[in-house]
Amino acid sequence: MQYDVIVIGSGPGGYVGAIRCAQLGLKTAVIEKYSTFGGTCLNVGCIPSKALLDSSEHYHNAAHNFESHGIGLSNLKIDVKKMMERKNEVISQNTAGITFLFKKNKIDTYEGVGSFVDKNTIKVTKKDGSTEELKAKNVIIATGSKPTALPFLPIDKKRIITSTEALNLQEVPKHLIVIGGGVIGLELGSVYARLGAKVSVVEFAKSIIGTMDGGLGKELQRVLKKNLGMEFFLGHKVTGANAKGKKVTVTAENPKGETISLEGDYCIVAVGRTAYTEGLGLENIGIKTEERGNKIPVNEHLETSVEGVYAIGDAIKGAMLAHKAEDEGIYVAEHIVGQKPHIDYNLIPGVVYTWPEVASVGKTEEQLKEAGVKYKAGSFSFKASGRAKASGDTDGFIKVLADAETDEVLGVHMIGPRAADMIAEAVVAMEYRASAEDIGRICHAHPTFTEAIKEAALAATANRAIHA
């Protein structure tokens, strides 16, 4: 065998898994069909969207909040081209970082499409049509996902677009229609709403960010409407979209079954993502994907039905999150060498990078009620936080859910400033099976946003928050 491990795909799961394999002494290769490493996350997902979210938030603060801080500005304007150039530079820095890490860890890389000839032989088809075959004892499929398309709604990539094209617009839309009230739609909608676009969100479910705790969706909808003027059409079933010239018309049925029509200049289709397995040649080794979502079935060790062939990240079941893929990449690497790694899927945090940010870990109230678990809930509003008042970020709250008898923390849900970073405290606490009182008795620096976690924990313990 040429290699101990071949990894197909260089996104967060693939590149992290490859590095861990190399650290463990395994001779490793990575096959990537694009000219840059990093997959969706670094090139057309997490990283570029966060770059634009930061840029647009700076502009929005300058336009709406600086005056209250005693900072006056005149002739404020947006240079969309420069904003996109900065975003592209951020992408370049990150993808170059992976190239460096591959060289540092002596990982061989191949550009092209990797496909199975048999379970130990991978054919690499390059852009010029030439091929070469590689041999490996183990193969990790880390091919990620692509935006889900609606069969009745053709995407022209000009006016009816996906998240990929939305990250490269050269103008601020006058009216942006977003189909889908999930993470991707709300983040991209926020970017352009901050820059001055009218944004309409059409969502089939009765709430936005429907997989998270119900209270978070309600609060986020309220804040996005209040601060950015975003409008929401919940419980609406999209029936079609038509682009003509510089106009897009979206039709939908409201909860009463009546047809409504929205007219804008761009429409983002953000209804989820589908596992990407095209060209892998799975049929050559007898692997069949699941009908729903095109996922590759795996066992508890992330091994497919074929021995020595593993799959991770968006290509398999579970939340489509970069950090989940990273942990799975590490898990497989360590499992291959005989270690006993573990992943607690209940403790993988979810984040929405709007402003305020939304973050969640563990069970939601809805899940605990459905399971019949007796629990206590404690909440603390950022309106009562000294640090939040000082920064002007008083929207949102933190909710701690704890077992009614043992006081063990079962879930933490937050919407507020820097929630994406603060959720880590909750993950650590729950990893060590902390009680709400444990968190309440830990000394938190003052003034900080994280004091709100302590206060919410105290509220859950015995309704004894100090500043509520």
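## Isoleucine 31

In this predicted model, isoleucine 31 counts as buried, at 1% relative accessibility, where buried means under 20% relative accessible area, exposed over 50%, and partly exposed in between (1.4 Å probe, protein chains only). The residue lies in strand β2 (residues 28-32); helices (H or I, at least four residues) and strands (E, at least two) are DSSP runs, numbered from the N terminus.

Leaving aside residues up to four places away in sequence, isoleucine 31 touches Ile6, Val7, Ile8, Gly9, Tyr110, Gly112, Val113, Gly114, Ile122, Val124 and Leu134, contact meaning heavy atoms within 4.5 Å. Isoleucine 31 and threonine 143, 112 residues apart in sequence, are 9.9 Å apart in space from C-alpha to C-alpha.

## Basis of the model

Residues are numbered from 1 along each chain as its sequence is written. This is a predicted model, in which local features need pLDDT of at least 70 and side-chain atom pairs count only at pLDDT 80 or more, whereas totals for chains, interfaces and linings use all residues, and side-chain values use heavy atoms, with hydrogens and water left out.

## Domains 1 and 2

The protein is divided into domain 1 (2-147 + 274-337), domain 2 (160-271) and domain 3 (356-462), with bounds that come from an automatic or database domain assignment. The centres of domain 1 and domain 2, taken over C-alpha atoms, are separated by 27 Å. Between these two domains, 19 residues of domain 1 are in contact with 17 residues of domain 2, and about 1500 Å² is buried, 66% of it on carbon and sulfur atoms; buried area is the accessible area (1.4 Å probe) that two parts lose on being put together, summed over both.

Two salt bridges are found by the rule across the interface of domain 1 and domain 2, a salt bridge being a side-chain nitrogen of Lys or Arg within 4 Å of a carboxyl oxygen of Asp or Glu. Lysine 50 forms a salt bridge with glutamate 187, with the closest N and O atoms 3.1 Å apart. On the side of domain 1 that touches domain 2, the elements giving two or more residues are α3 (46-64) and α4 (80-104), and α3 gives the most, with nine residues.

## Histidine 446

An unreviewed UniProt entry lists His446 under "active site"; such annotations may be inferred rather than shown by experiment, feature names are shortened, and positions are given in the numbering used here. Histidine 446 is found in the loop between α12 (436-440) and α13 (451-462), and is exposed, with a relative accessible area of 62%.
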